[in-house]
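Subject: Handover of a structure

Dear colleague,

I am handing over the structure below, followed by an account of what was found in it. Please read the two side by side.

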Amino acid sequence: MPPRWSRRPDPADPAYRRLADRINLAVHIAFFAATNSTLWFFHELNGAFPRLPWVTGLWGLGLLVHGFYVVKLSGGENQ
């Protein structure tokens, strides 16, 4: 079920901002998974991307930083 907002969206509202941050994180995770699974599929077929482990690792590190920001720094569960 998609998230619903019960009142008029206001970017200044902290609760709305947290929801937007979580949705952006979910999109980032989905794009990471789809892109990397496709790249690794073709890499396993013919080894076309020799630096793919570095790309995946650095992007994964960026994803972890994004997740840390959303969960810990932008309010998390406590607010």
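A search of the whole structure finds 2 salt bridges, a salt bridge being a side-chain nitrogen of Lys or Arg within 4 Å of a carboxyl oxygen of Asp or Glu. Please bear in mind that this is a predicted model, in which local features need pLDDT of at least 70 and side-chain atom pairs count only at pLDDT 80 or more, while totals for chains, interfaces and linings use all residues. Residues are numbered from 1 along each chain as its sequence is written, and side-chain values use heavy atoms, with hydrogens and water left out.

One of the salt bridges joins Asp13 to Arg7, with the closest N and O atoms 3.0 Å apart. Asp13 counts as buried at 17% relative accessibility, whereas Arg7, at 46%, counts as partly exposed; here buried means under 20% relative accessible area, exposed means over 50%, and partly exposed lies in between, with a 1.4 Å probe and protein chains only. Another salt bridge is formed by the side chains of Asp21 and Arg17, again at 3.0 Å from N to O. Both Asp21 and Arg17 belong to helix H1, where they are 4 residues apart, about one turn of the helix. Asp21 is buried, with a relative accessible area of 7%, while Arg17 is partly exposed at 42% relative accessibility.

As for the overall fold, the protein has 2 helices and 0 strands, where helices (H or I, at least four residues) and strands (E, at least two) are DSSP runs numbered from the N terminus. Helix H1 covers residues 14–46, and helix H2 covers residues 52–73. The 33 residues of H1 should span 48 Å at 1.5 Å a residue, and the end C-alpha atoms of H1 are 48 Å apart, which agrees; the expected span is 1.5 Å times one less than the number of residues in the helix. Just after H1, Gly47 takes a positive phi of about 65 degrees.

Which part of the structure do the buried residues of H1 pack against? They pack against H2, and they are Arg18, Ala20, Asp21, Leu25, His28, Phe32, Asn36 and His43. Ala20 is buried, with a relative accessible area of 18%, and the C-alpha atoms of Ala20 and Val70, although 50 residues apart along the chain, are separated by 9.8 Å. Asn36 is buried as well, with a relative accessible area of 5%; leaving aside its neighbours within four places in sequence, Asn36 is in contact (heavy atoms within 4.5 Å) with Thr56 and Trp59.

Tyr16, which also lies in helix H1, counts as partly exposed at 25% relative accessibility. Apart from its neighbours within four places in sequence, Tyr16 is in contact with Trp5, Pro9, Asp10 and Pro11. The C-alpha atoms of Tyr16 and Trp5, 11 residues apart along the chain, are separated by 8.1 Å.

Turning to aromatic rings, a search of the whole structure finds 3 aromatic pairs. The rings of Phe41 and Phe42 have their centres 5.3 Å apart and their planes at 75 degrees, so the pair is edge-to-face. Rings of Phe, Tyr and Trp (its six-membered ring) pair if their centres lie within 6.5 Å, and planes under 30 degrees apart count as stacked, over 60 as edge-to-face and the rest as tilted. Phe42 is partly exposed, with a relative accessible area of 42%. Elsewhere, ring pairs link Phe31, Phe32 and Trp59 into a cluster.

Finally, the surface and the totals. Trp54, Leu58, Leu61, Leu64 and Val65 make a nonpolar surface patch of about 610 Å²; patches are made of residues with over 30% relative accessible area and no salt bridge, with like charges joined within 9 Å and nonpolar side chains (Val, Leu, Ile, Met, Phe, Trp, Tyr) within 5 Å. Leu64, found in helix H2, is exposed, with a relative accessible area of 62%. The protein exposes about 6200 Å², of which carbon and sulfur atoms supply 66%, accessible areas coming from the Shrake-Rupley method with a 1.4 Å probe and, for residues, with only the protein chains shown counting as cover. Buried residues make up 23% of the 79 residues in the protein. Among contacts between residues at least 6 apart in sequence, 52% join residues at least 24 apart.

With kind regards
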